[in-house]
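Here is a short report on a ligand site and a helix pair. Look at the structure first, then read on.

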Amino acid sequence: MPNYDFVIAGGGLAGLSLAIQLINSPLRDRSIVIVDHDAKTRNDRTWSYWSDHPTLFDGITCRTWDQLHLASWTGEMRVPLRRYRYRTIRSSDFYEYARHELLQLPHVTWLRGKVDAIEDGGDSARVSVNRESIAGRWVFDSTYRQSNLLVDTRYHHLKLHFKGWEIETAQPAFDPSAATFLDFRTPQNGATRFFYVLPFDERHALVEYTLFSALPLLPREYEQAMQTYLREVLKIDDYHIARQESGVIPITDRPYLRRLSKRPDGHVMSIGMRGGRIKPSTGFAFTRVQADSAAIVQSLLKHDQPFDIPEDSARYRLYDSMLLDIMEREPERIQSIFAALFKRNSIEHVLSFLDEQASLAQNVHLFATLPPLPFLQAMARVGRSRERVVEVA
Ligand SMILES: Cc1cc2nc3c(=O)[nH]c(=O)nc-3n(C[C@H](O)[C@H](O)[C@H](O)COP(=O)(O)OP(=O)(O)OC[C@H]3O[C@@H](n4cnc5c(N)ncnc54)[C@H](O)[C@@H]3O)c2cc1C
């Protein structure tokens, strides 16, 4: 049975980010295998993120903005990003860059196949791929399997839907100086729904319809919402769809296990969405995945095991739960909450809050600028369900 130092199950954002961090560290000579059932050549999603410092991926960003645009039926605003930049990476560029960096190294292997099972052993774990076994001293799992999807009724469980059209217009139609971060000018219909627009130049943009909802949508519902937004809000009639992307991901405030086995000495770790790296209240994951990958590598270097990483903040988990609770029960309120957040706070405070970096005192100041009632009600409900969690535990 082939034996590796690191088996990375799932070569998407989290798996490849971890592999890149490993080969940029003193662990660069260890053997790595990346297993994915997909060839990872398609531009299947577009990642945007903000940052106030250089990242490993700045060289492959396709566009950077220094202003954000926000809109709802009650008004619009433009926010200069000051020390931050908002950046976009096409996933195909990311996959190609990762392949290029990783395949130069003789001890990195790419295996095309489906991960059927992962079994933890004493000092390594076995991964079954296309019914054959490979062993890894450490296995990092970002694959989607049934156990990821279990619903625990004590927590919130929503779906985050993305449907994007990269469009080309006949006439100049976009202002490329600002990315539209949130545009709520679409009927909410019992869910939190918004658009974001990434204008690459005056005639090309990715227009993405995004919603948090408990229920699935029919394909024609996405299309109708997008056609209406383009026609009635952006006033664009003449366009061509050059590329499409879509995805539906589970969103929950249920804690995620990072050590994926009952053994205290388990050798399987969850990463990416599987490891709870998608921020529940925003759906952003890119920056969190990079920070997590860096922390895993540091833990391996210092302790010869990957689990000594920072725990998620209980305070920010509570805020996420409150926002999910409002999204679930009173989704129409979300647009006024985000409008107040950006209107009444500096961009540095908003982004450090969304990055979970702001202090408690800064949080108190920020919450004082938001409508209090929905948060007080949500806190009471979340508190009651947390009591149920303690009773059951
Ligand atoms: C359309 C879309 C747009 C998004 N935009 C943003 C954004 O702008 N900014 C942001 O921060 N986040 C965004 N996200 C959220 C998040 O960043 C992504 O979902 C991200 O790809 C999650 O990383 P991951 O590694 O956990 O999963 P993935 O990137 O999906 O990687 C998982 C990999 O595992 C493979 N796999 C799954 N099961 C198996 C199996 N059984 N065997 C073998 N291989 C398997 C898959 O083929 C895939 O390559 C977006 C998500 C979507 C769907």
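A polar contact is a pair of N or O atoms within 3.5 Å. Within protein, one atom must be able to donate a hydrogen and the other to accept it, and residues adjacent in sequence count only if both atoms are side-chain atoms.

This is a predicted model: local features need pLDDT of at least 70, side-chain atom pairs count only at pLDDT 80 or more, and totals for chains, interfaces and linings use all residues. Residues are numbered from 1 along each chain as its sequence is written, and side-chain values use heavy atoms, with hydrogens and water left out.

A polar backbone atom of Val 115 is 2.8 Å from a nitrogen atom of the ligand. Ala 14 also uses a polar backbone atom, 2.8 Å from a ligand oxygen atom. Trp 47 brings a polar side-chain atom 3.3 Å from an oxygen atom of the ligand.

## The shell

The ligand is surrounded by 29 residues (a heavy atom within 4 Å). Val 115 is among the closest, with Asp 36, Tyr 144, Met 273 and Ala 285.

Strand 3 gives the most to this shell, with 3 residues. Helix 1 (13-23) and strand 16 (239-252) each supply at least two. Helices are DSSP runs of H or I, at least four residues; strands are runs of E, at least two; both are numbered from the N terminus.

## Two packed helices

Helix 1 also packs with helix 2 (residues 91-103) at an angle of about 35°. Their axes are 10 Å apart. Axes are lines fitted to C-alpha atoms over the stretch in contact, and angles run from 0 to 180 degrees between N-to-C directions.
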